[in-house]
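Dear colleague,

Please open it alongside the text, as the notes refer to it throughout.

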Amino acid sequence: MKTALFIIAQSGFQDTEYGVPRKILENAGFEITVASSQKGRCTGKFGLKTDAGYSLPEVSGAEYDVAVFIGGPGCEQEFHGNAEYFRIARETVSATAPSRLLAAICIAPAVLSDSGIFKGKRVTSWDDAKRSQKSRIEKNGAIHIGEDVTVDGNIITANGPEAAEKFGKMIQKMMSS
């Protein structure tokens with residue numbers, strides 16, 4: 001059975017970006033684990049409630065087939081500069097299994113770009129005129145692509161809730177090949 005680790009903010013994760021890919025992966029037979037800043041109840045931007053079974057220090061990206069980093073306003077607030085968040089991403093991309101994936105949607109790719117893991121990679125993220133995530137990502141050495149979903153090696157990134165279904169299906173497709 002394939003395993004997926006979803007990383008969400010305790011408060012303010014993007015409901016669709018979490019719910020849609022999770023359902024796609026569950027329907028494909030994945031075992032789902034959820035982690036956040038702390039164990040316990042997590043609440044989405046629009047009120048979706050779910051439980052994180054683990055806090056970030058309790059999980060390792062190397063233990064899962066895919067680590068899925070979910071965006072939303074809480075992502076930036078909770079995970080900006082967060083060493084544990086970055087550690088999980090680094091473990092995922094450096095794990096020896098060639099089929100291991102790192103997937104990030106919305107603002108999560110921009111937050112993760114601060115860790116340097118996307119240097120030289122093609123990355124998509126949410127972007128708006130007020131706070132350019134494109135500039136942030138490019139400042140951190142990645143190439144910002146404006147697609148709904150971008151794949152570069154074992155990294156899948158997506159631009160927001162409108163791309164949540166494509167994002168989930170791409171994760172499923174890459175994990176089944």
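This is a predicted model: local features need pLDDT of at least 70, side-chain atom pairs count only at pLDDT 80 or more; totals for chains, interfaces and linings use all residues.

Residues are numbered from 1 along each chain as its sequence is written, and side-chain values use heavy atoms, with hydrogens and water left out.

Helices (DSSP runs of H or I, at least four residues) and strands (runs of E, at least two) are numbered from the N terminus. Helix α3 covers residues 83–94, and its end C-alpha atoms are 16 Å apart, which agrees with the 16 Å that its 12 residues should span at 1.5 Å a residue, the expected span being 1.5 Å times one less than the number of residues. At its N-terminal end, α3 is capped by N82, a side-chain oxygen of which lies 2.9 Å from the backbone nitrogen of E84.

Buried here means under 20% relative accessible area, exposed over 50%, and partly exposed in between, with a 1.4 Å probe and protein chains only. In α3 the buried residues are Y85, F86, I88, A89 and T92. Seen down the axis of α3, these residues fall within an arc of 160°, so they line one face of the helix; the arc is that of the directions from the helix axis to the C-beta atoms. The face turned away from them carries the exposed residues A83 and S94.

Leaving out residues up to four places away in sequence, Y85 touches I7, L56, F69, C75, F79, A108, V111 and L112, where contact means heavy atoms within 4.5 Å.

Helix α1 (residues 15–27) is capped at its N-terminal end by Q14, which places a side-chain oxygen 2.7 Å from the backbone nitrogen of T16. After α1 comes G29, whose phi is positive, near 95°.

Finally, strands β4 (residues 40–44) and β5 pair in the antiparallel sense over 4 bridges, pairing requiring at least two bridges found by DSSP. They form a hairpin with 4 residues between them, and G47 in the turn has a positive phi of about 100°.

Technical notes. A polar contact is a pair of N or O atoms within 3.5 Å; within protein, one must be able to donate a hydrogen and the other to accept it, and residues adjacent in sequence count only if both atoms are side-chain atoms.
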